[in-house]
Structure formats: structure tokens, C-alpha cells
2 protein chains.
Amino acid sequence: MEEAYITLPKGFKASGVSAGMKCEDPANINKDDPKSSYLDVALIVSDVPANVAGVYTGNLVKGHSLTRTIDIINSGKKVRGIVINSKVANAGVGKIGVEDADKIASAIADKLGCSSDEIMTASTGVIGSRLPVDKMLKAVPSLVDSLSSDEQSAHNSEYAMMTTDTVPKEVAATITMKDGREITIAGQAKGSGMIHPNLATMISVFTTDANISSELIGKALKNAVKHTFNRVSVDGDTSVCDSVIVIANGEAGGDEITDGSEDYMLFEEALTELSEDIARKIASDGEGATKFIEIEVFGAKDEYDAKLIVTSVARSPLCKTAFFGEDANIGRVLTAVGYSGASFDPEKIDILVGGILFFHDGVCVDFDEDEASRMLSNHDIHVEIKLSEGDAYDRMFTCDFSYDYVKINGSYRT
Amino acid sequence: MEEAYITLPKGFKASGVSAGMKCEDPANINKDDPKSSYLDVALIVSDVPANVAGVYTGNLVKGHSLTRTIDIINSGKKVRGIVINSKVANAGVGKIGVEDADKIASAIADKLGCSSDEIMTASTGVIGSRLPVDKMLKAVPSLVDSLSSDEQSAHNSEYAMMTTDTVPKEVAATITMKDGREITIAGQAKGSGMIHPNLATMISVFTTDANISSELIGKALKNAVKHTFNRVSVDGDTSVCDSVIVIANGEAGGDEITDGSEDYMLFEEALTELSEDIARKIASDGEGATKFIEIEVFGAKDEYDAKLIVTSVARSPLCKTAFFGEDANIGRVLTAVGYSGASFDPEKIDILVGGILFFHDGVCVDFDEDEASRMLSNHDIHVEIKLSEGDAYDRMFTCDFSYDYVKINGSYRT
């Protein structure tokens, strides 16, 4: 598929408008720039009531728009869509935060002719500020009126979700069911900083025209995120608003996908691949990132240790700044593995970066500095850690730590 | 005490010289600058064989100079001193690393007229490079010949330990024993980056003229580091060379300090205070740091949760960049507490920074932006997190994350 956007599956519409949160003065808006960051409210709706499942942040503190959405999904009822705003996270403001989100959802539901608990809510941005409800209510008419299945409207809904993202993150795949019928899954995400398992993206929404129950979507999603969204780290921080939502409206027709069937396997596989694709895009677009870094561990004692090791290296500011500086200071990777908490024999560890062996049996190997410099100047850096403890494997996607990360996050709120 | 330096306790001498590791060409050395970073080998010796105890990095990968020292201390024999070099960590080079350290120690022991296993070794710097043994052996005569108890020699031994440190970290205290006799404890440390429990400094050495057994020094040291060295975080990375060594030569005379005695309590107290003093100096001098940040939690469920919370906030790059940017984005502190793994009621959390209440019962409070700006412009930032789960308390010292952290660590090796 050439172009990927959220309204590719049948029976979905999207829109993105400005409620004046990102840009106070409309005169400053460059309407000719489709990626202009002035868009700040997104709406994605299904033409018909749809099944839904989600996975959410592991943070004990949760945003109010998100807790409202969790309640809706847990109720087991069908939904029509989701409204997402950037700039204000609607978190840490107390119970009024749920009421604020409810007001926006109700206004949209009124215009769509559905009930307010069919419209989910998601917010991302600064914590501790209330949603500008009046501004957002004023934007609702144009938000609903501009709903469309065309490509530009879909992209607009993505732009409206973005905060410090520098590129949109949109994916799609079409798979052929056993009966020859085609179904489509599309996804979009915002996520750049404050990213670490669990969960690994601030907000991601998938739409699909597959005929699948909420329960089975939930199962597929849980498996899909395990080594994708839950294996991205930008800075080790976990947002209070992280969520991945999948909405399935069945508009592709056909029999309902059943558990354990070949069709189900195809669906889960496609959802996993799209999730991995988004996870890679998020790590590549980490705040201030100049490098995409994939860390793999082989031969760890067990899954627990394998995860400890890739997480430890992915979180290490010393490893991340060394990669930014293109400095072959691979001893820092050894150090991060050493303090990960995993048990291993330090005299039986090999570390390769970009295919070059730097440590063999725990001892630094003579390497060609020029070759290492060339390798470290690449955008994609592949770190392989090989142990002799067992056969557990894990991997993680991350990025380097640059001046710009500090710059972006030193003045995010103001 | 006005001036603090390592040779204040009776019967200790120190020196610091250049072996050409930091600065290849002696012509580039500014000998008039006492803090000039050209010094790279330090020696601290006791006139008589002394008792010793140490605590070491929790990293599974340990530097070879350090493993050699651990063997010496574990043997229970008395020691004469310690040689410390900066620039090369002597880690990740295999068994030859122990032999290299041994050669340096033997040469020093020969000149001092003691056995090589009376000279401990410590190294800090780049991992994966061998010690330049020939260069270091050439420096041994001047290292031993310049041993002195004078203040400048003591400072030189501190300068020679420093890597990215910008200020020396030297402390001392004199306490009066029950019999009226005065004993002195002095300490010095290097440590700036790659710092996180356990342990919190790369290398710290204490000398004392107290008459105390190795076993009791060990007990006092273990207690002293708990909420001091083990409560400093600069970047969440734990070095393979971290160690704190206490050498006691008994030259103050008097009866041996006994366990549980008033004198022992005074000794432990003084060692703890000096350790806290160094811990604060290390956090203040964190690589690229522009702020010293103290994080306290009150009312946590238990000690385990209390530590999770202060560690989570201290490690958060988002909190650390916000403090660098003097941005009142205190929602990030709430977020870091939320994902710490500690259990607490998010609707019963208060967060104060610099005495200003930002969150009350989990809800963002209206605060005066001007007052917040003034407070955040201070060098010392005090974060208080108040929960209602129990009565556990903990604290951690850290610093902010600046452009300079990235700069220093993007090109440390080269």
C-alpha cells in the first residue's frame, strides 16, 4: 500500500481542526502548510457502532480523558469514535477533568446523533492544566462538519494529535481473509518524548473494517503490543496518557473472526507488524533524536533477565549520549548490562555494534577506529549483546540523547 | 575546620603526579595551575600498616584494579596505601588488567619497602583500554618521592583522581573521644557522571587516625553510605569502578574503639556526615549540572516504596530537563511518582518544590508564576513529595540535565 492513513478501512471518517490551543492567534496560522502544528483537536469516527479494545499506561496516575475512555471500553458497549486533543493532557486537575472531557464528548455526540458514552476521549500535553472547554466547544461544529474519509482529513487528524513529534506516524495494511474478502487495518500515533514501557506511545489509534469482537481485538492487541509498543524507550519516562485503542466496525463484511482461526492469526500478525512499524517510527522520532537504535540480547537466562538487559541499555543516558556523539565508547554498553540486575557471567559476554565486535568474552577487542567511526555515523545503530546463560531473547527500540532533547524538554510547558 | 584534606589525620602522606595519561605533552602542562587536570596518578599512604574496609559497586562487571583491591581487603591483612589513576578505568580488558595493576602496586611497594598486597589500586576513566603500564611505572619514583603530609600534596592527590569533576571534593572532621583524645577523619572523592546507587561515587577514600578494627570500620561505613553515597544519582548509570575505602592507622593513639561504645557512635556519626557532605558535592558537580536537587518523600507505605519514588524522580530525564529549563512543569514529578512502581493513592499526594505547593491531593494548585520562576532560578531545588500511605521516608540527591551533560558524554572517550 502506497499511502497509509486512518480512514482507509471502510466506514471511517476523520478530521482535525484548530481550537486555538497550539496557536492563540489565527492570524499566525499558515493554512497552506498541511503539517502546520496549529491543528490541535482530532476526531475519528465510525459510520456505524463499532467494537473496541485498548491497552493503557501502567502509570498509577492516569489522565482524566483516559480514565473516562477506560470506563467506556470496560462497559463493553459499542462506540462511534474518539476525540483527541494535544497541548493539554487533562491530567492532575481532579474530578473536574472527567467532566470537562465529558462536555466535549457530549457536544460531538449531539452533532453526530449518538450518546456521549459512544465518544471516547484522549488528551496529551501539559499536566496540571484544565482543558480549555469553551475553546474546544467552539471548535466542535467545524470538527464534526469536516469529517471525511479523504486522505487529507485523515492526515489532519494525525497532525492534530502531534505535540513534539516532527513526523506523522501513519501505517496501514490490507490482509485477505480465508473467504477471499479483504480487510484493512490502519493506525496513527503521536509519541516522541516521555516514552517507555508500559506503554510506549502517548496515543495510538487503529481502525479496521474487520468483523471481530471486542474481546478478540483485546487479545490480539495485548499480544501485538508486547514486543512492539512495550519495547520502545525514548527517555525512560512513562506518560499518564499512554493508550492504544483499536476500533473495529465490521464494514468489510463476512463472518465474525473466531478465536484460534487462521483469519484471527492473520489479523493478530498484521496488527503486530503495524505496531512494530509505529514503534520504530516513534523511536526514530524521539525528542531531539538523531539516531534510531535497536538493542537485541541473545542467550539471556530467562525472559525477565533479557528484558532487564535491553531496558538498562536503552535507558542509559551515557550510552545514548555516546551514540549521539558517535563515540565508540562501547564499554558503556557493557556497564549498563552489568548493572541491569540480570545475572550473567561477565567473562562470557560478546557485544557487537553495527556488526563490529567490540567485546569478546568480556574483553575489549582491537577494532578499526575508522571502520567504527563510519559505522557510528549511520542513522540506524544495531546493538547485539550475546550471553551464554540460556536462550532467552528480547529487543528494544530507542534513540540517542542530544542537545535538542534537553532544549525541547527544558521549556516544554512555557 | 577551615581546610579539609586527606592528610589531616596523623600519619598519612599523599601525592599526585602526571604519568602523561591526561596530557601527552608535558609542554602543554600549566604547572602554575594547582587544579590543572594534568595530574593523573594519586598515592595515599599510611606511615604504618593500617586497618581497612570498603564498599563497592553493585555492577556485575567490575574493574580489574577494583577486584584486586577487594581481594586485598577481603584477606583481612593490614595495608599501607592506595594508588589511584584517572583516564583509564582498567575494566573490560581481561585478566591482564589485574596483572597491570599489580605491576604498578609492586613498583610502589618496592620503593616504600612493603609488600605489593599492601598497596590497593583504583582506576577510573574509559572502559576497554589497558593501563599504560610503562608510562605509569616511569611516574612511580616521583609519585613516591613527592609523598608528603602537606596540604598541597593532599590536594594534588585529589586532582589526580578527578575526571570530569569541575571541583575537588574534600572533607574532614575532628571528633573528641571519651578520653579527651582527638581523632580526625578526612575524605576525598572523584565522581561526576555515571553515578547512581549502588554505589554513588566512582572513587572515594577516607583516612583516619582512629584506633579501630577493620570489622568496625566496615560496619560504620556500611551504615554511613546507606542514605548518603547510595542516595546520589546523576544519570542513573552505575560505574564498574565505584568504591569507598576507609583506611585507619590508629596513630591518634588511645584504646581501640569498641562496638556499641559512645566513641563508636561518634565515629559512625562523623563518617556519615562526611559521606553526606561528599554526596551533596557530587550531585552539585554532576556532569553539566547547573542545579543541585534534593528529593524527599514523606508518608510512603514502606522503605521499599519510598526508595522507588525518590529514585524514579531522580532518574527522570523529563524532570531533570524541566529543572534545567527552570520550567514549572511539576506535572512531570507527579508522573515520575506515578510510574515508580510504588503503590499510593493518586488523590492523596501533595508536591512542593522550593516550599511552593504545586499539587494538593493530586490536583494542580493555582500558583504564582512569578514566585515559581524566582524559586526555580535558585541553584538549590528542594522537592517534597507527601503521601498518606504510611510513615516511610527517603531522600535522594541529584542534579539537572543540561546541554553540557550531552556535550561531555557525547565525546568522553575521544
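Two residues are in contact if their C-beta atoms, placed from the backbone, lie within 7 Å. The model shown in these views is predicted.

**View 1. Helix α9 of chain A and the elements that cover it.** Helix α9(A) spans residues 331-338 and is mostly covered, with 8 of its 8 residues buried. The buried residues are G331(A), R332(A), V333(A), L334(A), T335(A), A336(A), V337(A) and G338(A). Among the elements that cover them are the helices α7 (303-315) and α8 (317-324) of chain A. The cover also includes the strands β11 (350-353), β12 (356-360) and β14 (380-386) of chain A.

**View 2. Packing of helices α5 and α6 in chain A.** Helix α5 (residues 214-226) and helix α6 (residues 262-284) of chain A have axes 9 Å apart and pack at an angle of about 45°. The two helices α5(A) and α6(A) are therefore oblique to each other. The crossing of α5(A) past α6(A) is right-handed. On the side of α5(A), the contact is made by L216(A), A220(A), L221(A), N223(A), A224(A) and V225(A).

**View 3. The open sheet of 7 strands in chain A.** The strand order is β8-β15-β10-β14-β11-β12-β13 in chain A, and the pairing is mixed. At the edges are β8 (232-233) and β13 (363-364) of chain A, each of which pairs on one side only. Within the sheet, strand β10 (residues 292-300) and strand β15 (residues 392-399) of chain A run antiparallel and are joined by 7 bridges. E294(A) has F397(A) in β15(A) as its bridge partner.

View 4. G125(A) is placed in the loop between β4 (119-123) and α3 (133-145) of chain A. With 24 other C-beta atoms within 10 Å, G125(A) is buried, because the cut-off for a buried residue is 20 or more. S86(A) is 39 residues from G125(A) in sequence, while their C-alpha atoms are 5.6 Å apart in space. Leaving aside neighbours within four places in sequence, the contacts of G125(A) are S86(A), K87(A), V88(A), A89(A) and T163(A).

**View 5. Packing of helices α7 and α9 in chain B.** The axes of helix α7 (residues 303-315) and helix α9 (residues 331-338) of chain B are 8 Å apart, and the helices pack at an angle of about 135°. This angle makes α7(B) oblique to α9(B). Their crossing is right-handed. I309(B), S312(B) and V313(B) of α7(B) make the contact with V333(B), A336(B) and V337(B) of α9(B). By class, the contact of α7(B) with α9(B) has 5 nonpolar, 1 polar and no charged residues.

**View 6. The open sheet of 6 strands in chain B.** The order of strands in chain B is β12-β11-β10-β13-β9-β14, with mixed pairing. At the edges stand β12 (363-364) and β14 of chain B, each with a single partner strand, so one side of each has no neighbour in the sheet. Helix α6 (residues 262-284) of chain B lies across β9 and β14 of chain B and runs at about 45° to β14(B).

**View 7. Strand β13 of chain B and its two partners.** In a regular strand the side chains alternate between the two faces of the sheet. Along β13(B) (residues 380-386), I381(B), V383(B) and I385(B) point to one face and are buried. Strand β9 (residues 292-300) of chain B pairs with β13(B) in the parallel sense over 7 bridges, and I293(B) stands opposite I381(B). Strand β10 (residues 350-353) of chain B pairs with β13(B) in the antiparallel sense over 4 bridges, with K386(B) as the bridge partner of D350(B).

**View 8. Surroundings of F397 in chain B.** F397(B) is placed in strand β14 (residues 392-399) of chain B. F397(B) is buried, with 27 other C-beta atoms within 10 Å. Not counting residues up to four places away in sequence, F397(B) touches R231(B), V232(B), A279(B), R280(B), A283(B) and E294(B). V310(B) is 87 residues from F397(B) along the chain, and their C-alpha atoms are separated by 9.0 Å.

Conventions
Residues numbered from 1 in each chain as written. Chains lettered and ligands numbered in written order. Predicted model: local features only at pLDDT ≥ 70, side-chain atom pairs only at ≥ 80, totals over all residues. Axes fitted to C-alpha atoms, helices over the stretch in contact; angles between N-to-C directions. Parallel < 35°, antiparallel > 145°, perpendicular 65-115°, else oblique. Left-handed = near helix turned anticlockwise from the far one by under 90°. Pairing = 2+ DSSP bridges. Nonpolar A, V, L, I, M, F, W, Y, C, P; charged D, E, K, R; others polar. Buried ≥ 20, exposed ≤ 12 C-beta atoms within 10 Å, placed from the backbone.
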